[in-house]
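I opened a notebook page for this structure and listed what I wanted to look up. The entries follow in the order I made them.

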Amino acid sequence: MRLIDYPTAIAQQQREFLREEQHVRRLQEIVNRHTAEIDTQIAFDSDLRNDAQRKAKRIELMRSPDRQRAWANLQMAQDRRAEIEIDLSLLRNQFSVLKLEMRETIALRELQVADAA
């Protein structure tokens, strides 16, 4: 990739990161909604008499397929977001290295010109 291509590539990667961040937030809201539903269900269950019973019921309710799928989706999206962030950092670092190499080339040429004069 040429030096001039990096800003566009970095911007594209940032947009992809933003989209994944938005996706994570939507999934987090779903998980939060599930958690709130469980908390409400437990709070209004008069059969649950102590903390141990409430904790057991919470674990039982958290094992439902929908809730497990919501958690799995959130974790996969968080992992994907982390991968995109790593790729974004790599692009930025590659851009920085390329700029440093260009500066070194310019400095060497200037030194050669100065020595030749």
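Predicted model: local features only at pLDDT ≥ 70, side-chain atom pairs only at ≥ 80, totals over all residues.

Entry 1, F95. The relative accessibility of F95 is 17%. Buried means under 20%, so F95 counts as buried.

I searched for aromatic pairs and found 1 in the structure. The pair is formed by Y6 and F95, and it is stacked. I noted 5.6 Å from centre to centre and 20° between the planes. Planes under 30 degrees apart count as stacked, so the angle of 20° puts this pair in that class. I then checked where the two residues sit. Y6 belongs to helix α1, residues 6-43, and F95 to helix α3, residues 65-116. They are 89 residues apart, and the pair links distant parts of the chain.

Is Y6 buried or exposed? I read a relative accessibility of 8% for Y6, so Y6 counts as buried. Next I listed its contacts, leaving aside neighbours within four places in sequence. Y6 is in contact with M1, L91, Q94, F95 and L98.

Which residues make up the largest nonpolar core? I wrote down Y6, A9, I10, L88, L91, F95 and L98, 7 residues in all. Helices α1 and α3 each supply at least two residues of this core. The largest share comes from α3, with 4 residues. I also found a second, separate core of 6 residues. Among them are V31, A70, L74 and A77.

I picked H34, which lies in helix α1. Its relative accessible area is 19%, and H34 is buried. The cut-off is under 20%, so H34 falls on the buried side. With neighbours within four places in sequence left aside, H34 is in contact with D66, R67 and A70. A70 is also a member of the second core.

L111 lies in helix α3. At 48% relative accessibility, L111 counts as partly exposed. The limit for exposed is over 50%, so L111 does not count as exposed. I took one distance from L111: its C-alpha is 27 Å from that of M1, and the two residues are 110 apart in sequence. D87 lies in helix α3 too. I read 38% relative accessibility for D87, so D87 is partly exposed.

Along the sequence the pattern reads α-α-α. The radius of gyration is 26 Å, whereas the globule rule gives 13 Å for 117 residues, so the protein is more spread out than a compact globule. The C-alpha trace spans about 95 × 25 × 15 Å along its principal axes.

Lastly I looked at contacts between residues at least 6 apart in sequence. Of these, 75% join residues at least 24 apart.

Methods
Residues numbered from 1 in each chain as written. Heavy atoms only, no water. Phe/Tyr/Trp six-rings, centres within 6.5 Å; stacked < 30°, edge-to-face > 60°. Buried < 20%, exposed > 50% of the residue type's maximum accessible area, 1.4 Å probe, protein only. Core = buried A, V, L, I, M, F, W, Y, C linked by side-chain atoms within 4.5 Å. Contact = heavy atoms within 4.5 Å. Rg over C-alpha atoms; globule rule 2.2 N^0.38 Å.
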